[in-house]
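Q: Could you take me through one part of this structure at close range? I would enjoy a connected account of how its pieces pair and pack.

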Amino acid sequence: MEDLVSINNLNIEARTRAGTLKVVNDLSFTIKKSETLCVVGESGCGKSVTALSLMSLLPEGILKVSSGDILFDNTNLAQLSEAELEGIRGNEISMIFQEPMTSLNPLFTVGEQVSEVIRRHKNLNKEKAWVSAVELLDAVKIPNPDKRAFDYPFQLSGGQRQRVMIAIALACQPKILIADEPTTALDVTIQAEILALINRLKEETGTAVMFITHDMAVVAQMADRVVVMHPGKKVEEGTVHEIFNNPQHEYTKSLLAAVPKLGEMASKKYPEPMRLVGEKKPKALKPIIGTNEPLLKVNNLVTRYPVKGGVLRRTVARVHAVEDVSFTIMKGKTLSLVGESGCGKSTVGRSLIRLVEPTSGDVNLDGQNILSLNPKDMRKARSNIQMVFQDPFSSLNPQRPLFDQVAEPLRNYGTVKREVLQEKIGDLFDRVKLPRSFMQRYPHQLSGGQRQRIAIARALALNPKLIIADEAVSALDVSVQAQVLNLMMELQVDLGLSFLFISHDMAVVERVSHDVGVMYLGRLVEIGPRPSIFRNPQHPYTQDLLKAVPIADPDKRKSERDLNFKPLPSPIHDLTHNPAPSEYKEVAKNHFVLTTDCGY
Amino acid sequence: MLENEEIDEPTIKPVKEIFQTFFKSYSAVTGLFILIGIAVMGFIGPLFYPTDPFDMVWMPFSPPGADGFLLGTDYLGRDILSQIINGARVSIAIGFLAALVSCFIGVGIGSFAGFYGGWVEETLMRITEFFQVLPTLLFAMVIVALFGSSVLSITLAIGAVSWASVARITRSEFLRIKELDFVLASRSSGSNNMALIFRVILPNAAAPIIVQSALLVGAAITFEAGLAFLGLSDPNVISWGQVIGSNRVYILDATYTVTFPGIAIFITVLAISLVGDGLNDALNPKLRSR
C-alpha cells in the first residue's frame, strides 16, 4: 500500500542551558494509508516530540529539527510556508491530546468548537456547519447530540470531552489522525470505549492513525504495526503480531515482560513478583503467604464531605464519598481496593489515618480503636500506618534534601538518637536500593521511580505495621513500576508488612494482592480472596470492570458492541438523603457480594 | 537496568542555583549594585563629606556647581548634596524596615488564614480586606499624627498599611501548597500544625513572598517620601521626601532643589524594581530553565 507519511533520518535537538541534547536520533518509519501505527516507549523517549514535528508544531527556540525530512503525501513539510501548514493542520493532519480537561476552550459550547473547524476548512455557512457538527457528535456517540451541542465543556465528563476532541479531529476527514496518549488520563471503562470508538471510526473513514502510548496493552488493542522507541531511537518495528509473539530487541522483551497480563495469575495462590528481563534472575522470593491474623478491622466506615453554599456558608448538601464500607486486612497480606476515579477508594485510605475525618464507623488497628483517639494518641498511632502517595513529583518537599525527608518522621517522633540517625537513614536507603550518596540530593534530581523509592523509605522509617499505597505506582513507567512493585513485595516478605493497595489497574492488582475489594460510588460492591474475585466475579460492576481492562494480546480485541458502561451517577445528595446500609451475600468462602443497591 | 545510574550530575543546592540565575541577569545585578552604592553612600558617605545637612552653610538658592556646592543650596542655604547623602540612610532604612514589618504581619495572617481555612480564614481575610480598601495615605497620616512623627512611628505606620498584598499572596500560596501530597505525607509522618506551616509549607511559598516584599521596599520609600512631602517626617533626621517637601514652594524659582532628591528616589526605586524582577526570574522554576 502507498505511504502516507514517511519520516527519513529525523533528528530533533533540544536546546537547554546545559547545551543541545538529541531528543530524536536518526528516526525513520512510514505510515501507510488507513493503517494504525502505534509508537510505544517510556516517558522521555521522544515519541510525543516526533508527533509534534509531524504537525510542524515544535515549540520554537526549544526544539528544532536538525536534519532529516518528513514527507506527508509526497510533500516535504519543511518546505511549506506557515499559511500552507495551517491549511494542512486540522484538515489533513489532526491531533488529539492526552488531557481532555484542558484541550477544549472553556468559553465556547462544544457545538461551536466543532463547527468552527468545519467552517474554517470547508467554507460551509454557519447553519450547515452546525448540522454537520451535530452529525459528528452523534458519530462519536455523544447522547442527544442536538441538545449536548449547546453544552459547555465543563458540563461534560472527561470521556465525553475526549469524544468531542475526536469529533473535532475528524471533522474534516483528515488523512491521518495523531493520537498522543488520548486515554492515559481516563478511567479504564472510558478508555475501553474511546479505543473502540477510534477503531470503528478508522474502519469507517479510512483515515490513518498514529497512536502514541506507553501502554503495551493499549498497543495490542489498537495497532496494525508498531514502532518501539527507546531514548530517541527506534529499536524495533514490526506488525503487531511480530512484536507481541516474537520480539527481537532486548528492550521490547523487557517492556513486554514488565506488563502484567490480566488472567495470568489465575492458577496461582499467592502474589508473585514481576518478571524483569535484563536484570539478573529476580531473587527467588519465598511465597508471600502472610498470616490469617487480622491487623486492621474496618466496620461500617462512612465518610461524607459537606458541600457549602449560600451567604452563610451553611452545609447545603453532602458528598457521600464512602458509604458503609467494612473490610479486614491480615498481618503480612495485601488488600487491594480497585475502582474508577471518584469511587471513594482514596478517601477510604485517608480516613483510616484520619487525614480525612470519617463521619462514622469503626477502625480497629491491632486492638486499638483509631477513630476514638485524641489528637495526641492519634499522632502516636499514625506511626503504625504510613502512606505512599501517587504523584512522585508532588509527594516530596522540593526544598529539602532527601536525608531530611526520610529522617522527618524519626525526628518528629524522636525515636532515634541523633548519633545513630545517619546510620538508620543509610539502612533505609539500602532497603529501597538507592545509593547512600543520594542522601544530600534534592527531589528534582531524581527520576519518578527513585522518588517513589524515597517515599517508601520515608514510610518505612517508623517500622509501621501497615502501609497504605495510594496509586503508588500509577504514575510510573512500566519497567519502573515493576521494580517498585517488586520492592514492595520484597519488603512484605522481609518485614511482614501489610499493604492496603489502592489502584485502578486490575492487572497490577491481580499481581500483588491476597484479597481484593471492588468499589463503586462509595460502596464496596464485592470483596474476597483475589483468585475468587478474578475467576468468578459476581457483581455486574466487577464483571464490566474486568471486561474493560485492555489485554496485552492482539488477538483479544474488544469492539464497541462488547462495551456498554453506564455513566457514573453523582455522589452528591441533599442533607435528608439517608442511604440504606450495605448488605452482603457470601457466594464462596470469604467472597462477599453486595446485594443492596449501589447505583450501578 | 536499574535506574540508579542515570544521574551523575553533582548535587546543586536549590539556593545556589537561585543565586546563579540571579547573577546571570544584567539588569538585576545592575540594580543590586546601585542599591548597594546608595546604601554605602548613606551609611559611610557622611565620613567623607562631613557637611551637616541641617547647617546653613551658604546663601540660599545657590545654583548647582556654583560656589563649590555641587548640587547647590536650598531655601535656607543648606547643602543639598549633603542632604541627599544623609537622606539615603533614612530612606533606605525606613524602606527595608517597613517592608519587613508588612512582611511579618502579612505572612503571619496569610499563612494562618490559608492553612486553617474556615472561620479563621474568613475573619483574617475580612480584616485584610479592611486594610486593603482603607485610604492608605490617610490612615498612615492618622497613625503618625497620633504617635508623633519619629522614624519608628513612620516605619510602623507604613508597615501597618501595606501588608495586605503580602497576606493575600501568602494565603493563595498556602491554599495551593497545602493540597500537595508532600504536606499530607509530612502530616502522616507525625508533623504538627506549626511544623507544617513554618517548616514545610512556608519555605515552598517563599518565592512570591520574597518578590512581593522586595517590591514593597520600593513602595515604602515612595510612601515615606509622600508622608514627608506632607510634612509628616521626623524633624530630627533628614530624608529625601522631606527635602522635596520643604522646597516645594520654590519649585518654579529653584527647580533643582526638588529635582535632585526626586532623581535620588527615582533611581533607588528603579534599582529595587530591577532586583525584584531578577528575584522573580531566579525564584520561579518555570522561568529558570530558559
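A: Strand S12 of chain A, residues 314–330, is joined to S21(A) by three bridges, and the two strands run antiparallel. In this pairing A:Val319 sits opposite A:Ile572 of S21(A). Do keep in mind, as we go, that the model is a predicted one.

Stepping back to the sheet around this pair, S12 and S21 belong to an open sheet of five strands in chain A, ordered S15-S14-S11-S12-S21, with antiparallel pairing. At its edges are strand S15 (368–369) and strand S21 (572–574) of chain A, each of which pairs on one side only. Against this sheet packs helix H11 of chain A, residues 345–352. The helix touches strand S11 (294–309), S12 and strand S14 (360–365) of chain A, and its direction makes about 80 degrees with that of S12(A).

H11(A) itself is mostly covered, with eight of its eight residues buried. The buried residues of H11(A) include A:Lys345, A:Arg350, A:Ser346, A:Thr347 and A:Ser351, along with A:Val348, A:Gly349 and A:Leu352. After the helix comes A:Arg354, which has a positive phi, near 55 degrees.

Chain B has twelve helices and zero strands. Its C-alpha trace spans about 80 × 50 × 30 Å along the principal axes. Of its 290 residues, 44% count as buried. Taking contacts in chain B between residues at least 6 apart in sequence, 69% join residues at least 24 apart.

One helix pair in chain B is worth a visit. A pair of packed helices is described by the angle between the axes and the distance between them. For helix H3 (residues 80–116) and helix H11 (residues 256–283) of chain B, the axes come within 11 Å and cross at roughly 35 degrees. The crossing of H3(B) and H11(B) is right-handed. On the H3(B) side, the residues that meet the partner are B:Ile80, B:Ile84, B:Gly87 and B:Ser91. Facing them from H11(B) are B:Thr257, B:Phe260, B:Pro261, B:Ala264 and B:Thr268.

Technical notes: Residues are numbered from 1 along each chain as its sequence is written. Chains are lettered from A and ligands numbered from 1 in the order in which they are written. This is a predicted model: local features need pLDDT of at least 70, side-chain atom pairs count only at pLDDT 80 or more; totals for chains, interfaces and linings use all residues. Helices (H or I, at least four residues) and strands (E, at least two) are DSSP runs, numbered from the N terminus. A residue is buried if 20 or more other C-beta atoms lie within 10 Å of its own, exposed if 12 or fewer, and partly exposed in between; C-beta atoms are placed from the backbone. Two residues are in contact if their C-beta atoms, placed from the backbone, lie within 7 Å. Two strands pair if DSSP finds at least two bridges between them. Axes are lines fitted to C-alpha atoms, for helices over the stretch in contact, and angles run from 0 to 180 degrees between N-to-C directions. A crossing is left-handed if the near helix is turned anticlockwise from the far one by less than a right angle, and right-handed if clockwise.
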